[in-house]
Amino acid sequence: MKKHKAGCLILLFAMTAALTGCSGTNKTDNKAEAINVGGISVPLGEVNFYLRYQQTQMQGMYGAYFGEDFMNQDLMGMGTPYGETIRDTVVETMEEYYVVEAHAEELGVSLTDEENGKIKEAAQAFLAANDSKTLKAMSADEATVSHVLSLMTLQAKVYDNRAATIDTEVDEEEIAQKRIGYVLNSLAGTTDEEGNVIELTEEEKAEKRAQMETLLSAAKESGDLQAAADAQSLSYSNLTYGKDGSSLDEAVENAANALSEGECSDLIETENGYYIVCLESAFDEEATETARQNELNQRERDAYDNWYTPLSESAEITTNDEAIQTLTFERIFSQPVEEEPEAAEDLETTDSEDGSEASGEETE
């Protein structure tokens with residue numbers, strides 16, 4: 001279950017930014033049923049609006065790295081365009097929102113007049129900030145934008161309601177974190193141009209062991225494992241761990257647990273390499289506090305899931321795949337950069353084949 005916890009004002013502020021898009025070819029039947037949740041019809045227009053909202057956020061995060069058309073690329077290597085994965089997630093989220101809306105009052109949770117007023121103001125501000133072509137491409141009218149914002153805000157309030165029921169006492173021993181520094185000289189083989197793994201010879205392994213013994217001797221003399229590692233052109237790494245485990249080899253973790261603060265181990269041999277580990281802190285306060293917050297966050301998610309999951313599983317939910325699949329990704333939505341108005345203007349006037357101004361609307 002995804003967590004959608006955020007304050008109402010933060011949600012609404014994020015939606016008021018102007019959006020622009022390049023031209024596309026498909027039209028959206030906004031009134032078509034995309035999902036049916038317990039007899040309640042979810043219009044395709046709402047799914048499209050929420051999808052374009054998510055697409056816009058991702059465009060800002062990933063567009064610069066993978067290209068503006070990244071939604072049509074198989075970024076995950078799963079044989080599916082990334083946009084389709086996001087679309088599936090959006091459908092699941094809309095299902096969740098509607099289940100929550102149907103049962104929120106059972107918890108005594110509803111939107112206040114003040115919240116409804118802010119939602120209406122935010123929707124109107126959003127509509128005023130965008131041109132008609134962009135709004136049409138996003139299926140954005142006041143009713144659609146207001147209801148999606150209401151769903152988002154209500155789900156956040158329900159999440160907070162369930163989160164308030166958790167036990168906030170955390171066993172200090174269970175979350176206490178240690179901080180170690182270590183050096184690993186790997187025994188992994190090399191890979192040739194054809195992808196074949198070439199294992200190390202016994203002689204090469206012996207050389208690596210001798211290198212680590214030299215490093216250990218220098219570290220014991222200087223008291224500085226990192227400097228000794230640098231002298232051998234090996235990497236010195238840090239990590240924190242507690243009772244919940246870590247990615248360390250069991251032999252390395254056992255050696256670390258036997259150390260006093262500031263003490264370093266002897267050479268540790270494992271299947272994947274040679275280690276030397278030092279205990280930098282027997283109790284890392286910052287990492288321990290992070291572990292505490294992680295535990296509380298997990299309890300909050302569990303409390304919400306324990307309420308939501310049975311409701312979701314008992315609800316009769318159907319999807320209109322044919323309608324949902326019309327939501328494609330020819331158009332690119334992005335937020336203009338306020339500090340650079342010329343760049344924002346460029347976004348509105350590019351990507352049009354005939355040189356005319358491009359927008360968030362399909363070509364008529």
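1. Leaving aside neighbours within four places in sequence, H147 touches E46, Y98 and E101, where contact means heavy atoms within 4.5 Å. H147 sits in helix 6; helices (H or I, at least four residues) and strands (E, at least two) are DSSP runs, numbered from the N terminus. Its relative accessible area of 21% makes H147 partly exposed, given that buried means under 20%, exposed over 50% and partly exposed in between (1.4 Å probe, protein chains only). K120 is 27 residues from H147 in sequence, with 9.3 Å between the two C-alpha atoms.

2. A word on the ground rules, since this is a predicted model: local features need pLDDT of at least 70, side-chain atom pairs count only at pLDDT 80 or more, and totals for chains, interfaces and linings use all residues. Residues are numbered from 1 along each chain as its sequence is written, and side-chain values use heavy atoms, with hydrogens and water left out.

3. For the overall picture, the protein has 13 helices and eleven strands. Of its 364 residues, 41% count as buried. Among contacts with a separation of 6 or more, 74% join residues 24 or more positions apart.

4. The largest nonpolar core holds 53 residues, and those with the most contacts inside it are I35, V47, Y50, M94, F126, A140 and V145. Two or more residues each come from strand 2 (33-37), helix 2 (44-66), helix 3 (82-103), helix 4 (113-129), helix 5 (132-137), helix 6 (142-163), helix 11 (285-314) and helix 12 (321-324). A second, separate core has 15 residues, including L215, L234, Y274 and C278. A core here is a set of buried Ala, Val, Leu, Ile, Met, Phe, Trp, Tyr and Cys residues joined through side-chain atoms within 4.5 Å.

5. Helix 3 and helix 11 are worth a look together: their axes come within 10 Å and cross at roughly 95°. Axes are lines fitted to C-alpha atoms, for helices over the stretch in contact, and angles run from 0 to 180 degrees between N-to-C directions. The two helices are therefore roughly perpendicular to each other, a label used for 65 to 115 degrees, with under 35 roughly parallel, over 145 roughly antiparallel and the rest oblique. Helix 3 brings E95, E96, V99, V100 and H103 to the contact, and helix 11 brings Y304, W307, Y308, L311 and S312.

6. The count comes to one disulfide, taken as a pair of cysteine sulfur atoms within 2.5 Å. C264 and C278 form it, with their sulfur atoms 1.7 Å apart. The link is right-handed, with 95° about the S-S bond. C264 lies in the loop between helix 10 (250-257) and strand 8 (268-269) and C278 in strand 9 (residues 273-281), so the pair ties together parts 14 residues apart in sequence. C264 is partly exposed at 31% relative accessibility, whereas C278 is buried at 6%.

7. Two serines deserve a backbone check. Most residues other than glycine have a negative phi. S139, in the loop between helix 5 and helix 6, has a positive phi of about 60°, and S139 is buried with a relative accessible area of 5%. S233 also has a positive phi of about 60°; S233 lies in the loop between helix 9 (225-231) and strand 7 (236-241) and is exposed at 68% relative accessibility.
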